[in-house]
Amino acid sequence: MSATTMHTDPDPFAEPSPARHAEGSSRAGPKDLPSVDGLLRLPGASALLAEHGHTLVAGEARGLLDALRAKALAGVLDAGSLGAESLQQALSRRVERRLAPRMRQVINLTGTVLHTNLGRAVLADAAVSHLVAMMAGPNNLEYDLDTGRRGDRDALVEEMLCALTGAQAATVVNNNAAAVLLTIAALARGREVIVSRGELVEIGGAFRMPDVMEAAGATLVEVGTTNRTHPHDYERAIGDRTALLMKVHTSNYAIQGFTSSVDEARLAEIAHARGLPLASDLGAGSLVDLGAYGLPREPTPQEKLAAGCDVVSFSGDKLLGGPQAGLIVGTREAIGRIRAFPMKRALRVSKLPLAALEATLALYLRPERLARDLPTLRMLVRPIDEIRAQAQALRPLLANAVAPRFSVEPVELQGQIGSGSLPVDRLASAGLAIAPVERKGAGRALDALAAALRALPRPVIGRIADDRLLLDLRCLEDAGPLQAQCDELGRILRDK
Ligand SMILES: *Cc1c(COP(=O)(O)O)cnc(C)c1O
């Protein structure tokens, strides 16, 4: 407890003064502080020194003393906090906090399976173990074990990507934004790229198709209108400076009503008749037909290649369910130019995602097992009855933790795939709604509840809607970590 909360003097105008007595506590001044050496000589501090070494512990000791000095100068330092026990504990807490990773596992109860702010796809066990095994020692990232010569990192996944998509060649970069940038730069730098006005997407913040064109050094030529683009719009726009025709999947919005667009097959004919390549930015790009799993369909790279696209790019951590990466598949000639372009070196993927990607792609070789082995797909197809039953089972424990200020009810919810995949489709889901019992101050109570959930050792992220905090349980494959934190949640709420 801090010195200020100990201060119980009823006179609101009383100035806190050093060494004044309040309920048995007294104020300490700067001269009462120990030196850094004095602090480090305390028995508890020597244990910390033995474990963590001098640099970290002495640094935190200085930080602690600075903080205490500031309080002392403000006249609010309680003398009790200068006792050996208090000092040791404060130092130990500071060291612990400094070492605690900033990146932490959270529990995603937002109802959005691929949540960009929460790291998108959760890796499959096979990907995690391959990643860990490969990172723990040297590996053949760019070394050909057959010939003993320098190899190419793309070769680790190229064969598999080609087998899965029917492409002639494939390469991998940092993310799909990089894949699009590189594709445009390599195929159309200094020349023109034709894109429909209905497809000039913005994918969150800085990634906007016109800006990407500019960054890649290409000139965007917009054709058609927002709702309708026809084959002759493309045909008329093709000129001497045209280098590329491009289709962009409108992954985070839908244009409905009086619409028309030109599909890849038709566009490929138009492009190829003029000797131009056609590129397609798919965004999510599922490698399997989601319709077969009872989910809304999303275009696949294999069907875009079959339709005649020369290059198709898609994300590794959206529907593919792997690590952040940008996958580029296509013809030998187009991929060859992309790979040879100098920017490729700056955008290349590191060994970490590459290991995870290889293991994730391997899961697609056994499609019958995919809905079990790939967490993204597993969560997307999780039966609603199972989610409802889980909500019922969790309810008493959670209700107990948030009582008496909140009540907990099972609810039917609408989740989403996320990451700009299938923006208008909702996933029927279920979960728990936590509502304040008192209507007065309900907004503040909900904010406090959301903050308490975030303050848990493994933070729980829900969403607030209609004066309730909603916990969508679709992504809660293992309720254990949530159950284990219910007591702690109750404690945090009581202390607030
Ligand atoms: C998501 C998306 C991107 C960007 O992909 P990242 O992997 O996030 O870099 C680009 N284009 C489209 C159409 C997308 O949906």
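**Figure 1. Surroundings of the ligand in the predicted model.** The residues surrounding the ligand are R120, N175, N176, A177, I203, F207, H249, S251, D281, G283, S315 and K318, a residue being near a molecule or strand if one of its heavy atoms lies within 4 Å of it. The model is predicted, with local features needing pLDDT of at least 70 and side-chain atom pairs counting only at pLDDT 80 or more, whereas totals for chains, interfaces and linings use all residues. Residues are numbered from 1 along each chain as its sequence is written, and side-chain values use heavy atoms, with hydrogens and water left out. An N or O atom in the side chain of S315 is 2.5 Å from an oxygen atom of the ligand. For N176, a backbone N or O atom lies 3.0 Å from a ligand oxygen atom. For N175, a polar side-chain atom lies 3.5 Å from an oxygen atom of the ligand. A polar contact is a pair of N or O atoms within 3.5 Å; within protein, one must be able to donate a hydrogen and the other to accept it, and residues adjacent in sequence count only if both atoms are side-chain atoms.

**Figure 2. K318 and R120, two residues among those surrounding the ligand.** K318 lies in the loop between β12 (311-315) and β13 (326-330). Helices (H or I, at least four residues) and strands (E, at least two) are DSSP runs, numbered from the N terminus. With a relative accessible area of 5%, K318 is buried; buried means under 20% relative accessible area, exposed over 50%, and partly exposed in between (1.4 Å probe, protein chains only). An unreviewed UniProt entry carries the annotation "modified residue: N6-(pyridoxal phosphate)lysine" at K318. UniProt positions are given in the numbering used here, feature names are shortened, and annotations may be inferred rather than shown by experiment. R120 is found in the loop between β4 (112-114) and α6 (125-135). Although R120 is not a glycine, its phi is positive, at about 50°. R120 counts as buried, at 19% relative accessibility.

**Figure 3. Helix α5 and its buried side.** Helix α5 comprises 16 residues (84-99), which at 1.5 Å a residue should span 22 Å; its end C-alpha atoms are 23 Å apart, in agreement with that value. The expected span is 1.5 Å times one less than the number of residues in the helix. L87, Q88, A90, L91 and V95 are the buried residues of α5. They cover an arc of only 165° around the axis and therefore lie on the same side of α5; the arc is that of the directions from the helix axis to the C-beta atoms. E85, E96 and R97 are exposed on the other side of α5. The buried residues of α5 pack against α2 (36-40), α3 (43-52) and α4 (54-73), where contact means heavy atoms within 4.5 Å.

Figure 4. UniProt, in an unreviewed entry, places the feature "domain: L-seryl-tRNA selenium transferase N-terminal" at residues 32-69. Over residues 32-69, the chain is 82% helix and 0% strand. The end C-alpha atoms of this segment are 9 Å apart.

**Figure 5. R153 and its contacts.** R153 is placed in the loop between β6 (149-150) and α7 (155-165). At 8% relative accessibility, R153 counts as buried. The side chains of R153 and E142 are joined by a polar contact of 2.8 Å. At 2.7 Å, the side chain of R153 also reaches the backbone oxygen of V349. Not counting residues up to four places away in sequence, R153 touches L141, E142, R348, V349, S350, K351 and L354.

**Figure 6. S280 in strand β11.** Strand β11 (residues 278-283) contains S280. S280 counts as buried, with 3% relative accessibility. Residues up to four places away in sequence aside, S280 touches K247, E264, K304, C309, V311, V312 and S313.

Figure 7. I434 belongs to strand β15 (residues 427-436) and counts as buried at 0% relative accessibility. Leaving aside neighbours within four places in sequence, I434 is in contact with L398, V402, F406, S407, V408, L446, L449, R468, L469 and L471. I434 and D467 are 33 residues apart in sequence, and their C-alpha atoms are 9.0 Å apart in space. D467 is found in the loop between β17 (463-465) and β18 (468-472). D467 is partly exposed, with a relative accessible area of 48%, and has a positive phi of about 60° although it is not a glycine. A cis peptide bond, with omega about 0°, joins A403 and P404. P404 is located in the loop between α18 (384-402) and β14 (406-418).
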